[in-house]
Amino acid sequence: MHKKVILFFLILFTFNLFADEDVFVFYSQPSSIASKFVTGISQDSHGRLWFGTKEGLGFYDGIKYKNYEYIPFSKDSIQSSQIQSLYRDPIKAKNGSDVFWLGTFDGVERFNVDTETFTHFDMTNSIVFGFLRDSHGRLWVGSLDGLYILNEDDGSVIEFSQTAEFYIGNNGIADIYEDSEGRIYACTHGGLWEYDEPNKRFKPSRLFGNDSSLMESLVHNILEEDGIYWVSVWNTGLFRIDPKNGKRELFSFSNNKISCLSNKFSDDVLLIGTWGGGLISFDKNTYSYTEYTSKQRSYNLSNDFIFSIHVDSYGSLWVGTNGGGVNIYDTKRMWSKLILLHENKVTGRENSVFDLSKDKKGNLWISLLNNGITYYDVNTGKKKHYRYSESKIISNSVFKFYIDKNEDIWVGTDIGLCKYDKKKDAFVGVNLYNDNIIEDGERIIYSITSDDKGLLWIGTYDGGLIKFSPSSGILKRYKNDPKNPNSLCSNLIFSLLIDSSKKLWAGTNKGLAEYRPSSDDFIIYRYDVNNRDGISSDRITSLFQDVSGKLWIGTSDGGINIFDAEKKMILNYTSTDGLPANFITGITDMDNNSICVTAIKGMTIFNRNSEIIYSYTFYNHERRFTTVPVTIGNECFVGTQEGVLGVDINYLLSFKKQEVPVKIRTIGINGNQTPAFKIDLQKASKYKYSENNISFEFSSMDLSPLSRPSYVFMLEGFDKNWINANMKNYVQYTNLKSGKYTFKVKDISNPYPEPTSFTFIIEKPFWLSMPMIAAYILICSGLAFLACRLRQLFQYKVVNKKLQEEQKDLISANEQLTVLSTVDELTGVGNRRQLDTVGKDFWRKGLDNKQQISLIMIDIDLFKQYNDLYGHPAGDNVLRSVAQTLQKNLRAKYDFLGRYGGEEFLILLYNSSAAETMKIAEKLRIEVKNLKIEHSAAKDKVLTISLGAYASIPANELSYETMLSFADAALYKAKESGRDICKMYTE
C-alpha cells in the first residue's frame, strides 16, 4: 500500500459571526530570536532568515538563532551593533557567498555569509538608512548626511550632497530605488529626487510635477509596478501616481507616518508599515484597506511601530517592529474559523461541544457540556437555545443527537431519552423509555441508531444495548454475560452503526460487537497483541461505512481501522502514519472520494483512491476536537472544547502545499560541528577511520513558528528502514564501521517529499589498506616457508612425545615425594625437616636485612597423661586441633608453623619484636585454652599449652641453632613455672 503523509496545521481564531473576518492572524517570533527591535529582515540562499536589530545581526535556521554583535577591540566583529538597515546584495561574493550590507550607527558593514566575516567602510559618521545595487552594478548608500556610490574594492566613494560636486537637493536619505526603466530615485527629507545620469546629479522628480509642498516633505518610500508608482509621504499618506496621464491620487489612513512598503505579499495587496499605526493591508484594485494594530482583540501585532516587512520564499509574512520583535502571518495555515458561543456562561469550558448533528435544512444542532442544546442556522448565523432552566429539555447534559428518516430528532441525556416536539419547540421526555428503566446505567444514553423497521437501538453508559419501539417501548435488553462468549462484550457502548447490509455494529469499551439476528447474539472482535490483522484497540469510539462498503472503526488509543469485509482485512493508521492523534472522535464523508476523520488534535482527509493522508493539525492542542465532523454544503463543522470549528471543504481538498525541502544544517564529526553549506553535499566526503562518530542537524525550510514538520531519516548502510523522528531535528551515529554511507532526511508533512541526502565514506584503517595487505601476503608467504621447515621438526616431537610423558610421570612422583617429605601427615603443618630449612632461610634473611626473627617453641601440657586417659586416637585429634588453632592465628604472610616432634610445635616469625612476639604467643595460649578440650589431669580440667620464645637479630656469632636452644630454654622455664604460660628467654 502506498501511503504518504501531508501535515498542515490549522490555526483557530475567535471572530464574530456578524462581523468581517480578520485577514491577518499574527503570531510572535520564535523564542530563540532574542531581539525585540528588528529593523531589517532578509533571507539567504540557504533558506535562513537574517535579522538586523538594535543588538546586532542574527540569523534563524529553524533550529537555533545566532547573533553577531560588536566586540570591543576586535577588528573582525561588526563595528556597531545598532543596525538601521539590512540589504541582501543581488551580486554574490567571489567565493560564491551571499553578501549582506548593513547600515549602522557607525557607517557601513559588508558581511560575507559563508566566511562569517565583516568588512567595515568608514565612509560616513551618520546613520545609514538604505542600499541599492543598480542595474549598472553600482552600490548606492543613503545616509542622513548624503548619498554615496561606494567602490567596495578600495573603499572610495562618490558623494552626492547639497554642497558636493555631485548635487542632490537634500542630504537626509530615507530610501534609494531603481524602477523598471533604470531610473534611480532618492527618497529624502526634502522631497523625491531623480538621478540625471548624463549630468551626474539629482533633480526634482517628475512624479511630483510642480507641487513644491511635496518637495519640502519627507518622502519615505517608493515602489513601481507596470508604470504605476506608489510613493509614501510622511504624515501625509500614500500617493498613487500614473506618469502617463499625470494622475496623482492620495490615500490617507489613521496613521500616515509610513515607514515601509512591500508589494511582495500578493499581486493585489500593498503592505504598508507605519510608525505607531501598525500594519495596513491596501487593496490596489479597490483601494480598500484594513488596519492591523496591537489593539485587535486576538492574534494582534505585538507593536504598532513597524520597521520592516519581509515575505519569505514560502509565503509567510514577517514584520519587524520597534520593541515587539517579529510578528509572523503564515498564509499556508489560515483556513478555519471558530464559532464561539460567548453568551453561554457556565463553569469550566462553557463552549465545549459533546455532539453535533445536521437536519434536512442544513442547520446544526449542537450539544454543549452541561449547557443544553443550541440550534444554529448556518446561513443567517442565528442561534436558539434549549435549556432545562427554560423547560426546553429534560436535562442540560446532552450526549447524543439522532435524526431518523422521518426527521424526528431523538436526544440521549444523563437521565433518559427525549424527542423534539415541533409544536412545543422543546425536547420532551419519552415516557415509554424513561418510565421502564430498571437500572441507573440505562438512563445515560451515549448512542442511538434505527433500523429499517423504525426500531431504535440505544447504547447506554453502563446499561448495555436496548432495542426500543417508539410505539411499544423497550422490547429487549442485551447485556454482557461473562459466561457467554457470544453475549454483548460490554455494557458501556460508545457508538452504533447499521451498515448497508443491515448489520448492526456496536462499539464498546471492550471491543467491537456484530449483531446476528438469526441467533440473536453477537460476534465479538477483540484486540489481540499477536494479531496484526485485527483491530488495534478494544475502545471503539466511532463507526462509519463509506460508499464502497468499508467499515471505518475509530478508537480512543489505537487510531483508525478500515475493515474490508470482502477481503477480510483490516488496515490500521496511527499517529506514526500521520494522524494528528490516536484518539478518534468521528468519521464522515467529505465527498465521494474523500473521508474526513477527526482526532482530538486535528483532522485527517483520506483519499480512497490513492490512500494519501492529509492531516490538518491544531497549532494549539488545548482546543481539542470532540465530535464527529458534519458537512453542510461546502463547509465542514466539528465540535471542539472551545466551540464549533468551520472549515471550507473546497479549500481543504484543493489545497496543495508548496513543496518545502529539508536542509541539513550542520554535520558533526567527532563532536566538531561544521555548517553544511560549507561542505559540497553533491560529492561524497571522505573521513578517516577514527572519524566515525557523525551527527546531523536538519530543519525544514519553512521557518514559520507554526510549522510542525514530521521528519524521517535513514542512514543507508546502517539503518534498514526509515526512522520516524517526528519534530526531533538531530541524530547522531557512533562507532560506524568503515564503508560508504548515505544519510537521507525528509519531511513527510509535505505532499511528495524528496529527501535531502549526504554521502560520505569512512576509510578503512591503515592496517587494512592495500600496502598493508601486500605486506600481509609477504608475511604469509614467509610463514608458509617456515611451516614447511617446522614440519620437519614435527617428526622429532612425535618421537620425543613418549619420553616427555614418562618425564611427566617422574616429575609428578617427585612432587608427591617432596610434599610427603616436608609436611607432617597427621597435623598438615610443616614437619621437622621443613622447619630446619625454613628456619635457616629466616636466619639468613634476617642476617642480610638486619631484621629480627623470633622463635616460639610450644608444648602441649601433660600430653602423655592425656593419651593415657583418653587414648591415642583422641590424642591425635588434639594434635590436629591445636595445630589448626595455631595456624589460623598467625600473621599470614611471613609466619611459619611446623611440628617439631611429638606434642611440640615451633613457630618462626620474621621482622617481629620481642614485645610483638609475646603478644602473639599469649594470644595463641588463650586461643588453645578456649578450645575447652577436656583434660581431667590438668589443673583447670581443660587442655593448655606452654610457650617459650626468643627474638633477636641474627649474627655470625648467633646461629640459628643457638637461637633455637634459647627458645627451648624459655619453654623449659614456662613448664617449671606451672605450665599454661609464655616465657621470653633473657640472658
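Biologist: Hi! Let's start with W365 and Y375: buried or exposed?
Modeller: Both W365 and Y375 are buried. I call a residue buried under 20% relative accessible area, exposed over 50% and partly exposed in between, with a 1.4 Å probe and protein chains only.

Biologist: Before we go on, what should I know about the model and the numbering?
Modeller: The model is predicted, so local features need pLDDT of at least 70 and side-chain atom pairs count only at pLDDT 80 or more, while totals for chains, interfaces and linings use all residues. Numbering runs from 1 along each chain as its sequence is written, and side-chain values use heavy atoms, leaving out hydrogens and water.

Biologist: Thanks. How many aromatic pairs turn up in the whole structure?
Modeller: The search finds 71. Rings of Phe, Tyr and Trp (its six-membered ring) pair if their centres lie within 6.5 Å; planes under 30 degrees apart are stacked, over 60 edge-to-face, and the rest tilted. W365 and Y375 make a tilted pair, with 4.6 Å centre to centre and 50 degrees between the planes.

Biologist: And where do W365 and Y375 sit in the chain?
Modeller: W365 is in strand β34 (residues 364–368) and Y375 in strand β35 (residues 373–376), ten residues apart. Helices (H or I, at least four residues) and strands (E, at least two) are DSSP runs, numbered from the N terminus.
Another tilted pair is W457 with Y515, at 5.3 Å centre to centre and 50 degrees between the planes. Here W457 belongs to strand β42 (residues 456–460) and Y515 to strand β47 (residues 511–516), 58 residues apart.

Biologist: Are W457 and Y515 buried or exposed?
Modeller: W457 is buried, at a relative accessible area of 5%, and Y515 is buried too, at 9%.

Biologist: Which rings link up into a cluster?
Modeller: Ring pairs join Y687, F696, F698, Y711, F713, Y741, F743, F758 and F760.

Biologist: Which residues of β66 are on the covered face?
Modeller: In β66 (residues 730–733), V731 and Y733 are on the covered face, while Y730 and Q732 are on the uncovered one. In a regular strand the side chains alternate between the two faces of the sheet.

Biologist: Changing topic: which residues have the most contacts inside the largest nonpolar core?
Modeller: W140 and F202, in a core of 54 residues. Strand β22 (residues 228–233) gives the most to this core, with five residues. By nonpolar core I mean a set of buried Ala, Val, Leu, Ile, Met, Phe, Trp, Tyr and Cys residues joined through side-chain atoms within 4.5 Å. Apart from this core lies another, of 26 residues, including I856, Y866, A921 and C982.

Biologist: What does F202 touch?
Modeller: Beyond residues up to four places away in sequence, F202 touches W140, L147, F160, Y167, I168, I184, A186, W193, E194, Y195 and D196. Contact means heavy atoms within 4.5 Å.

Biologist: Now charges. What lies over the face of F59?
Modeller: R48 does, at 4.4 Å from the ring centre. K746 likewise has its charged end over the ring of W722, 4.4 Å from the centre. The rule is that NZ of Lys or CZ of Arg is within 6 Å of the ring centre and within 35 degrees of the ring normal.

Biologist: How many salt bridges are there?
Modeller: The count comes to 46, taking a side-chain nitrogen of Lys or Arg within 4 Å of a carboxyl oxygen of Asp or Glu. One of them joins E116 and K66, at 2.9 Å from N to O. E116 lies in the loop between β10 (107–112) and β11 (117–121) and K66 in strand β7 (residues 65–68), so this pair ties together parts 50 residues apart in sequence.

Biologist: And D824 with R899: what is the distance?
Modeller: Their closest N and O atoms are 3.4 Å apart. D824 is in the loop between α3 (770–822) and α4 (832–849) and R899 in strand β70 (residues 896–901), so the tied parts are 75 residues apart in sequence. D824 counts as buried at 13% relative accessibility, and R899 is buried at 15%.

Biologist: Last one: which residues are linked in a network of salt bridges?
Modeller: D179, E181, R183, E194 and R206.
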